[in-house]
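Dear colleague,

I am handing over the structure below, and after it you will find notes on what was found. Please read them with the structure open beside you.

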Amino acid sequence: MAVITAAVPVAAAGRRRWRNLLGECALLFLAFVVMLVLVYPTAWIFIASFRTPETMFAVGGWVFTLTNYTHLLGSGFARAIFNSLSLCAASVGLSTVIAVSAAYVFSRLRFRGKRSLFAAVMLGQTFPWIILVTPLFILFARLGLLNDYLGMIFVYVSVSIPFSIYLLVGYLEAVPRSLDEAAILDGCSLFQVLWRIVFPIMLPGVVATATYAFLSWSGAT
């Protein structure tokens with residue numbers, strides 16, 4: 001009787017183990033199906049890029065060709081990619097440097113009109129950038145910055161700076177001020193305190209800010 005009583009929990013545990021195994025297998029199968037559904041369009045586009053327009057939807061009998069890629073590279077696509085990457089790097093880098101410096105000033109320094117100035121910066125975030133298109137066009141036309149890299153960089157930086165400053169100010173408030181005071185007592189200037197002491201600590205916030213600046217740049221384009 002004792003042997004039968006002990007065998008019951010063992011059998012129940014075995015059934016639970018099999019149910020868990022079947023559940024995991026079903027979950028893996030479902031994940032595999034979802035992956036196929038998501039990957040199939042990308043795989044089809046990649047394969048179709050090596051076909052001619054006449055055999056684009058053919059099931060078989062198509063010939064491998066690089067005509068599409070040679071036509072793409074010969075149409076100025078490489079130059080467009082280079083321009084986009086250059087503008088992106090310049091805009092994201094410049095807006096991040098300005099945001100880090102301004103956020104440190106707003107977070108650490110005390111000066112007259114600090115709150116008013118910070119509110120004015122945040123006020124710029126409340127206006128959709130699209131309403132600034134006409135004034136910026138008129139301004140750039142008078143300054144000779146139409147179809148110019150410098151004008152585009154100015155626009156992209158202006159779009160991302162207000163919220164970037166807001167993000168970094170909030171992050172800097174969590175960094176102990178005692179680190180700044182200790183570095184100043186050791187003879188560091190404010191610039192050295194920022195870039196040698198505070199900046200490495202706030203690096204995750206800087207990465208988040210640079211990501212936001214990139215998304216703002218891609219959204220503006």
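**The pocket and its surroundings**

Helix 5 (133–143) and helix 6 (149–172) each contribute at least two residues to the lining of the largest pocket, and please bear in mind throughout that this is a predicted model. Helix 6 gives the largest share of that lining, with seven residues. The volume of the largest pocket comes to about 550 Å³, and of the 21 residues that line the pocket, those closest to its centre are Trp129, Leu136, Val155, Tyr156 and Val159. Sorted by class, the lining comprises 15 nonpolar, five polar and one charged residues.

Helix 5 and helix 6 also share an aromatic contact, which belongs to the eight aromatic pairs that the structure holds. In this pair, the ring centres of phenylalanine 140 and phenylalanine 154 are 5.9 Å apart and the ring planes stand at 70°, so the pair counts as edge-to-face. Because phenylalanine 140 lies in helix 5 and phenylalanine 154 in helix 6, the pair ties together parts that are 14 residues apart in sequence.

Elsewhere, the axes of helix 3 (residues 77–108) and helix 8 (residues 190–201) come within 11 Å and cross at roughly 105°, which means that helix 3 is roughly perpendicular to helix 8. On the helix 3 side the contact involves Val100, Ser101 and Tyr104, which meet Leu190, Val193, Leu194, Trp195, Val198 and Phe199 of helix 8. The residues of this contact divide into eight nonpolar, one polar and no charged.

With best regards

Terms used
Residues are numbered from 1 along each chain as its sequence is written. This is a predicted model: local features need pLDDT of at least 70, side-chain atom pairs count only at pLDDT 80 or more; totals for chains, interfaces and linings use all residues. Side-chain values use heavy atoms; hydrogens and water are left out. Axes are lines fitted to C-alpha atoms, for helices over the stretch in contact, and angles run from 0 to 180 degrees between N-to-C directions. Helices (H or I, at least four residues) and strands (E, at least two) are DSSP runs, numbered from the N terminus. Angles under 35 degrees count as roughly parallel, over 145 as roughly antiparallel, 65 to 115 as roughly perpendicular and the rest as oblique. Contact means heavy atoms within 4.5 Å. Ala, Val, Leu, Ile, Met, Phe, Trp, Tyr, Cys and Pro count as nonpolar, Asp, Glu, Lys and Arg as charged, and the others, Gly among them, as polar. On a 1 Å grid over the protein atoms alone, a cavity is a set of points where a 1.4 Å probe fits but cannot get out, and a pocket is an open set with protein on both sides within 12 Å along at least five of seven lines; lining residues have an atom within 4 Å of a point. Grid points are joined across faces, edges and corners, and a volume is the space filled by probe spheres set on the points. Rings of Phe, Tyr and Trp (its six-membered ring) pair if their centres lie within 6.5 Å; planes under 30 degrees apart count as stacked, over 60 as edge-to-face and the rest as tilted.
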